Amino acid sequence: MKIAAVTGASTGIGREFVYAIDKAESFDEIWVIARRKERLEELAGKCRNRIRPVVLDLSDLNSVETYRALLERERPEVALLINAAGCGVFGPFADKDLQKQLKSATLNSLVLTAMCHVSLPYMKAGDSIINMGSNSAWQPVPYQTVYGA
């Protein structure tokens, strides 16, 4: 089974990636990964490729193990991995909840790294990874300290 896996697929650029790859490519399934099940399920009626909603909160590193278990069970070829999930906590650093800031850092950096690592054994030469990041690390970003870092 040849798949594309897209994180952050429920909204924003992740969702737009789903539409773009659905239009341009043929896969046995597109695994759409995000927290909001209903938004993921909406994609099935809007895409020609088979959509598999994979409901995970990727700000929790345990989600990566759930994804790994799904890969082990299904044994697909991950022909395309798009890491588009991300979030930011906006406002003065000292005033913002520490747990929210740590979840943002986990999602934007650690999970992206982990998703690549666990997907690689299911990829072969010519398969692709697209990692979305922010240009914020290269410019001043007041009130977005953790996101910019």
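User: Does Arg75 count as buried, partly exposed or exposed?
Analyst: The model here is a predicted one, in which local features need pLDDT of at least 70 and side-chain atom pairs count only at pLDDT 80 or more, while totals for chains, interfaces and linings use all residues. Residues are numbered from 1 along each chain as its sequence is written, and side-chain values use heavy atoms, with hydrogens and water left out. Buried means under 20% relative accessible area, exposed means over 50%, and partly exposed lies in between, with a 1.4 Å probe and protein chains only. Because Arg75 has 56% relative accessibility, Arg75 counts as exposed.

User: In what pattern do the helices and strands follow one another along the sequence?
Analyst: The chain has five helices and five strands. Read along the sequence, these elements follow the pattern β-α-β-α-β-α-β-α-β-α.

User: What share of the residues counts as buried?
Analyst: The accessible surface, computed by the Shrake-Rupley method with a 1.4 Å probe and, for residues, with only the protein chains shown as cover, comes to about 8300 Å², of which 52% belongs to carbon and sulfur atoms. Of the 149 residues of the chain, the buried share is 42%.

User: Which two residues form the aromatic pair, and how are their rings arranged?
Analyst: Rings of Phe, Tyr and Trp (its six-membered ring) pair if their centres lie within 6.5 Å, and planes under 30 degrees apart count as stacked, over 60 as edge-to-face and the rest as tilted. By this rule the count comes to one aromatic pair. The ring centres of Trp31 and Tyr67 lie 6.5 Å apart with their planes at 90°, so the arrangement of this pair is edge-to-face.

User: How many residues apart in sequence are the parts that this pair ties together?
Analyst: Both Trp31 and Tyr67 are buried. Since Trp31 lies in strand S2 (residues 29-34) and Tyr67 in helix H3 (residues 62-74), the pair ties together parts whose separation in sequence is 36 residues.

User: How far apart are the C-alpha atoms of Leu56 and Ile33?
Analyst: Leu56 lies in the loop between strand S3 (51-55) and H3, and because its relative accessibility is 9%, Leu56 counts as buried. Contact means heavy atoms within 4.5 Å, and, leaving aside neighbours within four places in sequence, the contacts of Leu56 include Ile33, Thr66 and Tyr67. Leu56 and Ile33 are 23 residues apart in sequence, while their C-alpha atoms are separated by 6.4 Å.

User: What distance separates the C-alpha atoms of Phe27 and Lys2?
Analyst: Phe27 is placed in the loop between helix H1 (12-24) and S2, and at 10% relative accessibility Phe27 counts as buried. Apart from neighbours within four places in sequence, Phe27 is in contact with several residues, among them Lys2, Ile3 and Ala79. Phe27 and Lys2 are 25 residues apart along the chain, and their C-alpha atoms are separated by 5.6 Å.

User: How far is Lys124 from Glu77, C-alpha to C-alpha?
Analyst: Lys124 is found in the loop between H4 and S5, and at 53% relative accessibility Lys124 counts as exposed. Although Lys124 and Glu77 are 47 residues apart along the chain, the distance between their C-alpha atoms is 7.6 Å.

Note on methods
Helices (H or I, at least four residues) and strands (E, at least two) are DSSP runs, numbered from the N terminus.
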